[in-house]
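I open this notebook to record what I looked up in one structure, entry by entry.

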Amino acid sequence: MFRNRKRGGKGKPEFCNGGKALSAFSCDGRGKRRCRILKHHARGAVRQRLLDMGLIPDTEVEVLRVATLGDPMEIRVGDSCVTLRKREADQIEIIDR
């Protein structure tokens, strides 16, 4: 449920469900933050890789660290820590916990 900004382009998705991209959810100095995954907007091999790492819809994740420019970011999924690129995190729609 998103629209690309450019027709057929690779613009960032605009989420319609009131969710936001995981890359927009940062630690902002208050420590670790938790959120829940609503859905994936990635396709193909990237989507399969995210699912294999445990980033499944309705899973709770914790944002541990975000680099200065926002790329990459480290999140905790269950007992594992995963590092994502900003463009991968842009494809994951989340909601605050």
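**Entry 1. Glu62**

In which strand is the place of Glu62? I found Glu62 in strand 5, which covers residues 60–66. I note at the outset that this is a predicted model.

Because Glu62 lies in strand 5 and Arg76 in strand 6, the pair ties together parts that are 14 residues apart in sequence. Arg76 has a relative accessibility of 29% and counts as partly exposed.

**Entry 2. The strands around strand 5**

How many bridges join strand 4 to strand 5? I read 4 bridges, and the two strands run antiparallel. Within this pairing, Cys35 stands opposite Val61 of strand 5.

I turned to the partner strand 6, residues 73–77. Strand 5 and strand 6 are joined by 5 bridges and also run antiparallel. Here I noted Val63 opposite Ile75 in strand 6.

The hairpin of strand 5 and strand 6 has 6 residues between the strands. In this hairpin, Gly70 takes a positive phi near 85 degrees.

I recorded a second salt bridge, between the side chains of Glu74 and Arg65, at 2.9 Å from N to O. Glu74 is buried at 16% relative accessibility, whereas Arg65 is exposed at 56%.

Where is Asp58 found? I located Asp58 in the loop between helix 1 (44–52) and strand 5. Although Asp58 is not a glycine, its phi is positive, at about 70 degrees. With a relative accessibility of 58%, over the 50% cut-off, Asp58 counts as exposed.

I then looked for the partner of Asp58 and found a salt bridge with Arg36, the closest N and O atoms being 3.7 Å apart. This pair links distant parts of the chain, with Arg36 in strand 4 and Asp58 in the loop between helix 1 and strand 5, 22 residues apart. Arg36 is partly exposed, with a relative accessible area of 29%.

**Entry 3. His41**

I placed His41 in the loop between strand 4 (33–40) and helix 1. Its relative accessible area is 7%, so I list His41 as buried.

With which residue does the side chain of His41 make a polar contact? The partner is the side chain of Glu93, at 2.9 Å. I also checked Asp90, which is 49 residues from His41 along the chain. The C-alpha atoms of His41 and Asp90 are separated by 8.6 Å.

**Entry 4. The cysteines**

How many disulfides does the count come to? I recorded 0. Cys35 is buried, with a relative accessible area of 0%. Cys81, at 42% relative accessibility, counts as partly exposed.

Last, I looked up the nonpolar side chains. As background, I note that in soluble globular proteins nonpolar side chains tend to be buried together.

How many residues does the largest nonpolar core have? I read 15 residues, and those with the most contacts inside this core are Leu55, Ile75, Leu84 and Ile92. The elements that give two or more residues to this core are strand 4, strand 5, strand 6, strand 7 (80–84) and strand 8 (92–96). Strand 6 gives the most, with 3 residues.

Methods:
Residues numbered from 1 in each chain as written. Predicted model: local features only at pLDDT ≥ 70, side-chain atom pairs only at ≥ 80, totals over all residues. Heavy atoms only, no water. Disulfide = S-S within 2.5 Å. Buried < 20%, exposed > 50% of the residue type's maximum accessible area, 1.4 Å probe, protein only. Polar contact = N/O pair within 3.5 Å; in protein donor to acceptor, adjacent residues only side chain to side chain. Pairing = 2+ DSSP bridges. Salt bridge = Lys/Arg side-chain N within 4 Å of Asp/Glu carboxyl O. Core = buried A, V, L, I, M, F, W, Y, C linked by side-chain atoms within 4.5 Å.
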